[in-house]
Amino acid sequence: MQTTEQKQNNHKRTFNTAEYNFAFLDEGSKREIRRKSLKAVAIPGYQVAFASREMPIGRGWGTGGLQLTLSLLGRQDTLKVIDQGNDDSVNAVSIRRLVEETSGILTTEETAQASIIQSRHRIPEEKLKFDQILVLQVPQPEPLRKVERREERTRIQHAEMDYSAMWLTLYESIVKWGSITLGADYPVMVHERYIMAPSPIPRWDTEKLHQSHHLTLFGAGREKKIYAIPPYTNVQPLEFEDYPFEVESFDGLSCRHCGSMDSFLDEVVDDEAGITIHQCSDTAYCRQQQERIG
Amino acid sequence: MSMNSADLINNAEKEWVWNETPLLKVRGLSKQFGAGCIHCKQPTSDEQEGSRCQYCGSIWACRNLSFDLYPGEILGVVGESGSGKSTLVKCLYFDEETTVGEMSISSYEDKTSNLFEKSAQQKRYIRNHVMGMVYQNPLLGLRMPISSSGNIAEKLFAADHYHVGSIRQRAADLLQKVEIPLARMDEPPKNFSGGMQQRVQISKALANNPPLLLLDEVTTGLDLSVQAKVLDLIRNIQRELRVAMIVVSHDLGVIRMLADRTMVLRQGLIVEQGLTDQILEDPRHPYTQLLVHSLL
Ligand SMILES: Nc1ncnc2c1ncn2[C@@H]1O[C@H](COP(=O)(O)OP(=O)(O)OP(=O)(O)O)[C@@H](O)[C@H]1O
Ligand SMILES: [Mg+2]
Ligand SMILES: [Zn+2]
């Protein structure tokens with residue numbers, strides 16, 4: 001049985017793609033991005049500069065992730081695009097359309113069926129496998145930017161593993177607020193070497209990067225940086241011995257659609273009833289759970 | 001290798017006074033500001049010649065400085081404005097890159113290797129573990145908007161301490177030692193008076209128990225009564241912790257109060273060094289005589 005999505009795709013396949021190279025970018029650009037991605041894989045957590053191209057979507061709307069995706073795509077790939085867990089948001093749809101129109105490849109909403117998943121702000125709930133690649137869109141690749149404005153200084157700090165200033169902001173947060181108040185984009189130590197910004201994923205997702213089966217690539221279009229977490233890499237959120245890292249808690253809450261008690265939940269306000277209710281942020285996961293219950 | 005008689009006497013005297021190996025050994029330290037030209041490739045040891053090259057304007061701010069510092073000892077560095085005192089301690093702390101010379105610290109790893117040739121990462125390690133620096137301008141040594149305890153914590157992170165409870169205990173102990181009230185340990189230094197800021201700087205410099213502390217004009221600009229308190233504090237710390245110190249000042253009063261031995265700098269050269277009492281009572285070099293007599 002075909003989903004509506006796939007029917008649409010079949011339609012798209014007849015679209016004339018002749019005026020573009022396969023997957024929009026020219027082969028030279030793709031090769032350069034793949035070379036930089038390989039370098040990023042070889043040095044987990046290290047930000048590799050690349051020549052970010054102009055894309056038909058605005059910078060800051062996922063051009064870094066999109067360029068990674070386009071450089072990775074082969075004709076056999078199946079792509080899933082999500083924005084904050086949602087396959088149907090305007091951004092996700094427009095990126096998916098662009099890829100479909102310029103490559104004619106299949107797209108899907110099913111996490112397990114995708115070979116490449118481009119995402120903004122979330123990692124799917126379903127555990128990714130070794131033959132899947134997760135591409136995350138990154139607005140600010142430099143985790144030290146909050147404590148040091150100058151690029152030449154942060155480069156030296158990474159080179160020398162001079163991370164005191166970063167720890168200091170965490171310490172100050174504890175002194176002022178009693179805990180570390182950072183939410184999304186929580187800084188992590190990658191393989192005991194580089195501090196890295198995992199992109200604005202919730203803390204909930206941070207642990208999914210540790211010793212994962214899949215490869216994660218990070219692309220920042222505006223800042224022209226690529227970095228990576230290869231499979232089976234140690235990814236440790238920064239934490240003090242007596243203030244351990246904690247993920248968001250949804251104690252006692254469950255999804256209003258699927259009843260799930262172990263997924264990342266979004267808050268929605270029910271205007272009629274005037275109460276706050278919760279639902280899965282990962283819509284594909286939610287649908288899957290609903291189908292399972294029947 | 002030849003050695004003149006003054007050196008022999010000096011060495012013999014040291015053997016007798018300090019029956020120990022030096023903590024810090026500096027040999028032939030020179031620092032040039034500016035590109036230099038064929039006329040100023042080498043720093044001259046000629047006292048008649050100024051430190052500024054008349055052809056290209058480059059300055060040999062430190063010229064061929066050699067000295068030792070023993071564990072727990074306070075060495076004073078005195079000289080007029082521009083004589084190279086700050087440049088010297090900045091070179092030792094790797095704030096400035098030394099043009100030529102050697103430095104070794106007996107408590108660091110291989111004891112004898114030239115620390116000026118270490119990598120940037122090793123230098124940072126040495127700065128954080130083996131040395132502490134207190135600048136004349138607290139803006140250079142403190143992060144003004146960050147809590148005082150956080151200023152100390154920053155040093156402790158560099159030494160791989162990541163337990164907030166014990167970091168805060170250590171910060172409290174150190175701040176108490178410099179008489180900052182416990183209730184104010186999380187206030188930023190920008191809220192503090194000049195004297196208090198200097199005391200926070202001192203506690204930060206001591207965070208990792210370094211055997212060596214560098215102090216550059218720490219009391220300059222403070223009220224006299226505040227000066228006296230800070231000097232007292234430095235003396236107490238030296239007695240209690242047996243930290244060796246290099247105390248830079250253009251104020252002979254400060255040197256007299258703190259330093260066991262003293263080195264007189266002029267135009268980047270050491271014109272005289274010896275026991276502080278001797279130098280103050282019986283200065284040999286005409287320049288020192290001038291300094292001492294203008295004090296009296
Ligand atoms: N960054 C620099 N660039 C160029 N010249 C410098 C620099 N820093 C210091 N100098 C020069 O080096 C010489 C020594 O300066 P230094 O600051 O070490 O003197 P000082 O003995 O500490 O003086 P003061 O008592 O005024 O603090 C001076 O001639 C000064 O002008
Ligand atoms: Mg000075
Ligand atoms: Zn759900």
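Trainee: Which residues does A:F250 touch, not counting residues up to four places away in sequence?

Mentor: Contact means heavy atoms within 4.5 Å. With residues up to four places away in sequence left out, A:F250 touches A:W204, A:S263, A:F264 and A:L265. This is a predicted model: local features need pLDDT of at least 70, side-chain atom pairs count only at pLDDT 80 or more, and totals for chains, interfaces and linings use all residues. Residues are numbered from 1 along each chain as its sequence is written, chains are lettered from A and ligands numbered from 1 in the order in which they are written, and side-chain values use heavy atoms, with hydrogens and water left out.

Trainee: Where along chain A is A:F250, and does A:F250 count as buried or exposed?

Mentor: Helices (H or I, at least four residues) and strands (E, at least two) are DSSP runs, numbered from the N terminus. A:F250 is in the loop between β10 (235-237) and β11 (265-270) of chain A. Buried means under 20% relative accessible area, exposed over 50%, and partly exposed in between, with a 1.4 Å probe and protein chains only. A:F250 has 15% relative accessibility and so counts as buried. A:N86 is 164 residues away from A:F250 along the chain, and 19 Å separate their C-alpha atoms.

Trainee: How many residues of helix α3 of chain A are buried?

Mentor: Nine of the ten residues in α3 (residues 63-72) are buried, and the helix is mostly covered. Among the buried residues of α3(A) are A:T63, A:G64, A:L66 and A:S71.

Trainee: What is B:S30 in contact with, beyond residues up to four places away in sequence?

Mentor: B:S30 lies in strand β1 (residues 24-33) of chain B and, at 1% relative accessibility, counts as buried. B:S30 touches B:P43, B:W60, B:C62, B:R63, B:N64, B:T98, B:T99 and B:V100.

Trainee: What should I make of the phi of A:Q84 and of B:D160?

Mentor: Most residues other than glycine have a negative phi. A:Q84 is not a glycine, yet its phi is positive, about 50°. A:Q84 sits in the loop between β2 (78-83) and α4 (90-103) of chain A and is partly exposed, with a relative accessible area of 44%. B:D160, also a residue other than glycine, has a positive phi near 65°. B:D160 is in the loop between α5 (148-158) and α6 (164-177) of chain B and counts as exposed at 56% relative accessibility.

Trainee: How is chain A divided into domains?

Mentor: Domain bounds come from an automatic or database domain assignment. Chain A has domain 1 (4-142 + 190-236), domain 2 (144-187) and domain 3 (249-294). Taken over C-alpha atoms, the centres of domain 1 and domain 2 of chain A are 26 Å apart. The contact takes 16 residues from domain 1 of chain A and 17 residues from domain 2 of chain A.

Trainee: How many helices and strands are in chain B, and why is chain B called as compact as a globular protein of its length?

Mentor: Chain B has eleven helices and nine strands. Its radius of gyration is 19 Å, close to the 19 Å that the globule rule gives for 296 residues, so chain B is as compact as a globular protein of that length. The radius is taken over C-alpha atoms, and the rule is 2.2 Å times the number of residues to the power 0.38. Buried residues make up 52% of the 296 residues in chain B.
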